[in-house]
Amino acid sequence: MKNPLIEVQNIVFGYNKEAVLKNVSFSIGEGQFIGIIGPNGGGKSTLLKVLLGLLNPWSGTVKVDGKPPPTNLMAYVPQVFASDKAFPITVLEVVLGGRLRYLSSWGIFQKEDIEIATQALTQVGLGSLQKQSFGTLSSGQAQRVLIARALSSQPKILLLDEPTSSTDLEAENALYDIMAQLKNKLTILMVTHNIARILDHVDQVLCVEGIVTKIPLEDICEHFSIGLYHEPPGGAHKKGKI
Ligand SMILES: Nc1ncnc2c1ncn2[C@@H]1O[C@H](COP(=O)(O)OP(=O)(O)OP(=O)(O)O)[C@@H](O)[C@H]1O
Ligand SMILES: [Mg+2]
């Protein structure tokens, strides 16, 4: 790969004495859509935080567009947790959070910021909810608002840590439709529990389990969607053969 956009070399990181990420290396080209899978506790969220520059590796290097993170090129959609229902902030105000990095020294959002935020909300199908209180949204809607916030920062790279439990099938379908639309416009790294659902869209799948393994697309098994990772992947269990 010529000049990868993200280059990770020999990363080792842990919170305590034991390493969570054990000598991780991979690279990602511009415009690629990467699916990230792996068992609970395997280190997926940790890896995203290292890429964002929120956690410093014990050893190894991360480069994003040739420089160490943090960088304005990236936007992050965290897992949605139960929010304070009474917290008085509207959906549009949450999305405008993505424009903070562009705020002038006057500290006032410009017309352009509002337009970009509104457009991002429309892009995720929630244009009509601008004035609604964020705390009243369903978890699937709240997640889409956080995607709109990320998009309104006009990133080159979108990192998405998908929740595994708080969304229903309809919300999940809406999420994957948005990702399919964004493909080729951005470089996307998406932690997902349902890799089979987006297999047609991803360029590469990384399995994070202490180490990071690249899994050939033809070896993705539908068992992976229910958390049953097995070695070696594929064989008689290849997609469509179970
Ligand atoms: N802040 C922290 N302090 C100490 N240990 C942590 C911290 N965050 C995560 N860990 C530990 O690091 C390991 C990897 O956690 P991580 O959240 O990256 O896994 P994950 O692959 O995202 O899991 P899940 O699928 O459940 O989201 C786990 O053993 C977890 O307990
Ligand atoms: Mg996680």
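Helices (H or I, at least four residues) and strands (E, at least two) are taken as DSSP runs, numbered from the N terminus. The structure is a predicted model, in which local features need pLDDT of at least 70 and side-chain atom pairs count only at pLDDT 80 or more, while totals for chains, interfaces and linings use all residues. Residues are numbered from 1 along each chain as its sequence is written, chains are lettered from A and ligands numbered from 1 in the order in which they are written, and side-chain values use heavy atoms, with hydrogens and water left out.

The chain contains five helices and nine strands, arranged along the sequence in the pattern β-β-β-α-β-β-α-α-α-β-α-β-β-β. Of its 242 residues, 45% count as buried; here buried denotes under 20% relative accessible area, exposed over 50%, and partly exposed the range in between (1.4 Å probe, protein chains only). With contact defined as heavy atoms within 4.5 Å, 65% of the contacts between residues at least 6 apart in sequence join residues at least 24 apart.

The largest pocket holds about 310 Å³ of space. Pockets were located on a 1 Å grid over the protein atoms alone: a cavity is a set of points where a 1.4 Å probe fits but cannot get out, whereas a pocket is an open set with protein on both sides within 12 Å along at least five of seven lines, and lining residues have an atom within 4 Å of a point. Grid points are joined across faces, edges and corners, and the volume is the space filled by probe spheres set on the points. The largest pocket is lined by 14 residues, of which Met74, Ala75, Tyr76, Arg101 and Ser153 are the closest to its centre. Two or more lining residues are given by each of β5 (74-77) and α4, and the largest share, three residues, comes from β5.

A nonpolar core is a set of buried Ala, Val, Leu, Ile, Met, Phe, Trp, Tyr and Cys residues joined through side-chain atoms within 4.5 Å. The largest such core has 42 residues, and those with the most contacts inside it are Leu121, Val145, Ile147, Leu158, Met179 and Met190. Helix α4 (residues 139-152) supplies the largest share of this core, seven residues. Because domain 1 (1-73 + 157-242) and domain 2 (84-155) both give residues to this core, it lies between them; the domain bounds come from an automatic or database domain assignment. Not counting residues up to four places away in sequence, Met190 touches Phe33, Ile34, Gly35, Ile36, Leu160, Glu162, Leu175, Tyr176, Met179 and Ile198. Another core, of 27 residues, lies apart from the largest one and has Leu21, Ile36, Leu159 and Val208 among its members.

Helix α1 (residues 44-52) is largely enclosed by the rest of the structure, because seven of its nine residues are buried. These are Lys44, Thr46, Leu47, Leu48, Val50, Leu51 and Leu52. The residue that follows α1 is Gly53, with a positive phi near 85°.

Arg99 is placed in the loop between α2 (91-96) and α3 (111-123) and counts as buried, at 3% relative accessibility. Beyond residues up to four places away in sequence, Arg99 touches Phe109, Asp113, Ile116, Ser152 and Gln154. The side chains of Arg99 and Gln154 are joined by a polar contact of 3.4 Å, a polar contact being a pair of N or O atoms within 3.5 Å; within protein, one must be able to donate a hydrogen and the other to accept it, and residues adjacent in sequence count only if both atoms are side-chain atoms. Gln154 belongs to the loop between α4 and β6 (157-161) and is partly exposed, with a relative accessible area of 46%. Although Gln154 is not a glycine, its phi is positive, at about 50°.

A positive phi, near 50°, is also found at Asn10, a residue other than glycine. Asn10 is part of strand β1 (residues 6-13) and is partly exposed at 41% relative accessibility. The side chain of Ser25 reaches the backbone nitrogen of Asn10 at 2.8 Å. Ser25 itself lies in strand β2 (residues 21-28) and is partly exposed, with a relative accessible area of 37%. Neighbours within four places in sequence aside, Ser25 is in contact with Val8, Gln9 and Asn10.

A cis peptide bond, with omega about 5°, joins Pro69 and Pro70. Pro70 is located in the loop between β4 (59-64) and β5.
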